[in-house]
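Grab the model and work through a few packing exercises. Try each task by eye before reading its solution.

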Amino acid sequence: MKHIISADQFSKKDILEIINLSKKMDEILASKKVCKIAEGKILATFFYEPSTRTRLSFETAMNRLGGKVISTSNVNFSSVTKGETIEDSAKVLSGYADVIALRSPEIGYAERAAKVSTVPILNGGDGAGEHPTQSFLDLYTISKYFDLEQPIIISFIGDLKYGRTVHSLSKMLRHFPQIKINFIAPEEIQIPAKYFKEGDGKFHELTDEILATSDVIYDTRIQKERFEDMEVYEKNKSAFILTKKEVEKMKEEAILMHPLPRVDEISPEVDELPQAKYFEQARNGVPTRMALIAYVLGLNI
Ligand code: NCD
């Protein structure tokens, strides 16, 4: 049985296979053909934390594959408030559904669920840990603009300490050693040591040079809900605000990504610039999650 818990699980071959499958799913969506490969299958979405894109794109994906969805968008309406453990919830849900997408406020829930579940678990974000399904849609988006085998520069900015999308994506990018990675954040929210590798760039300021030489800028929200010390949050919350003036310093063919939601780190006026790809990135969640559901359920298109 295949679970998706961490970026560590995937070889380069797996990653390329899933990107390729996402492309095929996108072609099915574009053709408007009705797809029924998941007919008779049920996806359960069980989210302990707020979500717009991850949950709804998983649900859209399952609907587009011809399957059905059951959902607890707010676990406060589930037995979690009565003290049920993730293990018990996962055991019960695996009796109802064929695949479970899960989001939790703490690291390790997806792994704990996978230990007892009899159906695949998809980690839709576990606290400040990982968010591997997001990485596939991020990589799929990057692959639409750049050849992943080419020496491009990807610069992560924002909250790199708590930003789980950066954790998983940076791990997956290690399979493409010619890609150069920069981490740009104030020291208090810099990338944790385990994600940093020799040869990476580490900076505290977003300089004009970084803006002008990066092929991909991957911006992130300061994760207010994960700070232990609110003073540290207040100090860093406006560390980087990308306005039109900054984004215009990027190369014309470079892309600006963000997993969303944004708060104020990218001004709305940036949306109209050619580099702004974050809404397209969010849309890519649908074909990618169709691919991931097909992958774990062993469905053929
Ligand atoms: C991110 C998340 O939940 O980690 N959102 C997402 O899934 N697209 C980013 C965030 O919350 O800042």
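This is a predicted model: local features need pLDDT of at least 70, side-chain atom pairs count only at pLDDT 80 or more; totals for chains, interfaces and linings use all residues.

Residues are numbered from 1 along each chain as its sequence is written, and side-chain values use heavy atoms, with hydrogens and water left out.

**Exercise 1. Work out how α1 and α5 are arranged.**

Step one: find the helices, which are DSSP runs (H or I, at least four residues; strands are E, at least two), numbered from the N terminus. Helix α1 covers residues 12-31 and helix α5 residues 132-145.

Step two: get the geometry. The two axes come within 10 Å and cross at roughly 75°; axes are lines fitted to C-alpha atoms, for helices over the stretch in contact, and angles run from 0 to 180 degrees between N-to-C directions. That makes α1 and α5 roughly perpendicular (65 to 115 degrees; under 35 is roughly parallel, over 145 roughly antiparallel, the rest oblique).

Step three: list who touches whom. From α1 come I15, I18, I19, S22, K23 and D26, and they meet F136, L139, Y140, S143 and K144 of α5. Sorted by type, the contact has six nonpolar, two polar and three charged residues (Ala, Val, Leu, Ile, Met, Phe, Trp, Tyr, Cys and Pro are nonpolar, Asp, Glu, Lys and Arg charged, and the others, Gly among them, polar).

**Exercise 2. Now do the α1 and α11 pair.**

Step one: α11 spans residues 285-297, and its axis lies 8 Å from that of α1, at an angle of about 120°. The pair is therefore oblique.

Step two: on the α1 side, the contact residues include I18, L21, S22 and M25, and on the α11 side they include V286, M290, A294 and Y295. The contact as a whole divides into 11 nonpolar, two polar and three charged residues.

**Exercise 3. Is F156 buried or exposed, and what does F156 contact?**

Step one: F156 sits in β5. Its relative accessibility is 0%, so F156 counts as buried (under 20%; exposed is over 50%, partly exposed in between, with a 1.4 Å probe and protein chains only).

Step two: beyond neighbours within four places in sequence, the contacts of F156 include V166, L169, S170, L173 and Y218 (heavy atoms within 4.5 Å).

Step three: look at α6 (residues 164-173). Nine of its 10 residues are buried, so α6 is largely enclosed by the rest of the structure; V166, L169, S170 and L173 are among the buried ones.

**Exercise 4. How many residues of β3 are buried?**

Step one: six of six, across residues 99-104. V99, A101 and R103 cover one face, and I100, L102 and S104 the other.

Step two: check the partners. β1 (residues 42-47) pairs with β3 in parallel over five bridges, with F47 opposite R103. Four bridges join β3 to β4 (residues 121-126), also parallel, and there N123 partners L102.

Note on methods
Two strands pair if DSSP finds at least two bridges between them.
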